[in-house]
Amino acid sequence: DMALGGLSEMRELSVGVWRGAEGVSKVAFDARNKLGAEASKAVWHLVSLTSIDLSGVGLDCAGMELLGVPGSEKLTRVDLSINSLGEEGAAVVECALRGCTGLTALDLSSNNLSEKALAALLADLPGLRELRLGHHLRHTHHGRNSLDGRGMMLLAAALGTTPGLAVLELGVNLFGVDGATQLAVPLQHMTAITCLDLRWNALRAAGVCELEGAMQRLDKVTSLDLSVNDIGAEGAAAAAGALGRMKKMAQLNLSYNGLTAVGAAALAGALGQMEKM
């Protein structure tokens with residue numbers, strides 16, 4: 001608290017793991033020591049704060065509640081990833097971030113949040129432009145870590161309230177073909193997307209086919225990750241239909257998909273239309 005006492009004009013604060021100091025406007029701590037609620041209190045007199053990184057700091061529910069203090073409406077970027085807030089923490093996140101009315105970028109990756117609470121949270125953040133939900137794995141009644149059908153349905157409904165998203169990261173969620181069917185509904189309206197991460201989601205060819213129509217409308221995409229989805233030659237052919245519209249593409253990852261020569265040939269025409277590839 002004493003160390004931060006003279007920094008009331010600070011704009012950006014990082015206490016997250018694997019992050020270092022980046023210039024005079026950002027402070028980094030060794031966050032491998034659990035932060036928790038008491039240590040968190042030191043930052044909240046920084047009334048000009050617009051960006052805060054609390055990734056992987058062992059943030060508990062009491063610490064999470066501190067985000068809802070007066071002044072949080074100035075925050076535009078919040079990173080709460082790798083805290084395993086879980087079912088109990090999901091409701092706290094929803095209440096705490098309700099006051100962050102200016103929020104444009106939110107990272108909730110690796111937190112095992114309830115999709116119901118997430119839907120309520122996103123409904124209160126219509127100005128969101130960047131959403132990261134990677135590793136949003138939950139235990140289902142089958143004993144597997146994945147987003148089940150109902151979970152993806154709730155998440156898709158929540159995404160429908162944020163059509164202005166430019167960055168959407170849903171990698172490593174294993175939501176499969178059923179999840180792709182649910183995601184396709186809101187995705188077709190997210191025409192502002194420039195970065196889309198759908199890696200490692202067990203899409204297979206059928207999942208790509210479900211998403212193809214929606215993806216054809218995403219002509220602003222510059223970065224797309226469909227790796228580790230086992231889409232094969234059939235999926236590659238379906239993806240080619242959408243990729244042909246993404247002429248601004250600069251980064252494309254299709255690795256670990258068993259494309260074969262037939263799949264590569266199906267993609268060749270689409271890749272040739274990309275101005276920056």
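Author: Let us begin with burial: a residue counts as buried when its relative accessible area is under 20%, as exposed when over 50%, and as partly exposed in between. Please note that this is a predicted model.

Reader: Is asparagine 229 buried or exposed?

Author: Its relative accessibility is 1%, so asparagine 229 counts as buried. Asparagine 229 sits in the loop between strand S9 (223–225) and helix H8 (232–243).

Reader: Which backbone atoms does the side chain of asparagine 229 reach?

Author: The side chain of asparagine 229 reaches the backbone nitrogen of leucine 203 at 3.1 Å and the backbone oxygen of leucine 226 at 3.0 Å. Leaving aside residues up to four places away in sequence, asparagine 229 also touches several others, including Trp200, Arg204 and Tyr256.

Reader: What is the phi of tryptophan 200, and what is that of arginine 204?

Author: Phi of tryptophan 200 is near 55°, a positive value in a residue other than glycine; phi of arginine 204 is likewise near 55°. Tryptophan 200 belongs to the loop between strand S8 (195–197) and H7, whereas arginine 204 is found in helix H7. Tryptophan 200 is partly exposed at 46%, and arginine 204 is partly exposed at 45%.

Reader: How are two packed helices described?

Author: The angle between their axes and the distance between the axes describe them. Here, the axes of H6 (residues 176–187) and H7 (residues 204–215) come within 8 Å and cross at roughly 0°. The two helices are therefore roughly parallel to each other. The residues of this contact comprise nine nonpolar, two polar and one charged.

Terms used:
Residues numbered from 1 in each chain as written. Predicted model: local features only at pLDDT ≥ 70, side-chain atom pairs only at ≥ 80, totals over all residues. Heavy atoms only, no water. Axes fitted to C-alpha atoms, helices over the stretch in contact; angles between N-to-C directions. Helix = DSSP H or I, 4+ residues; strand = E, 2+ residues; numbered from the N terminus. Parallel < 35°, antiparallel > 145°, perpendicular 65-115°, else oblique. Nonpolar A, V, L, I, M, F, W, Y, C, P; charged D, E, K, R; others polar. Buried < 20%, exposed > 50% of the residue type's maximum accessible area, 1.4 Å probe, protein only. Polar contact = N/O pair within 3.5 Å; in protein donor to acceptor, adjacent residues only side chain to side chain. Contact = heavy atoms within 4.5 Å.
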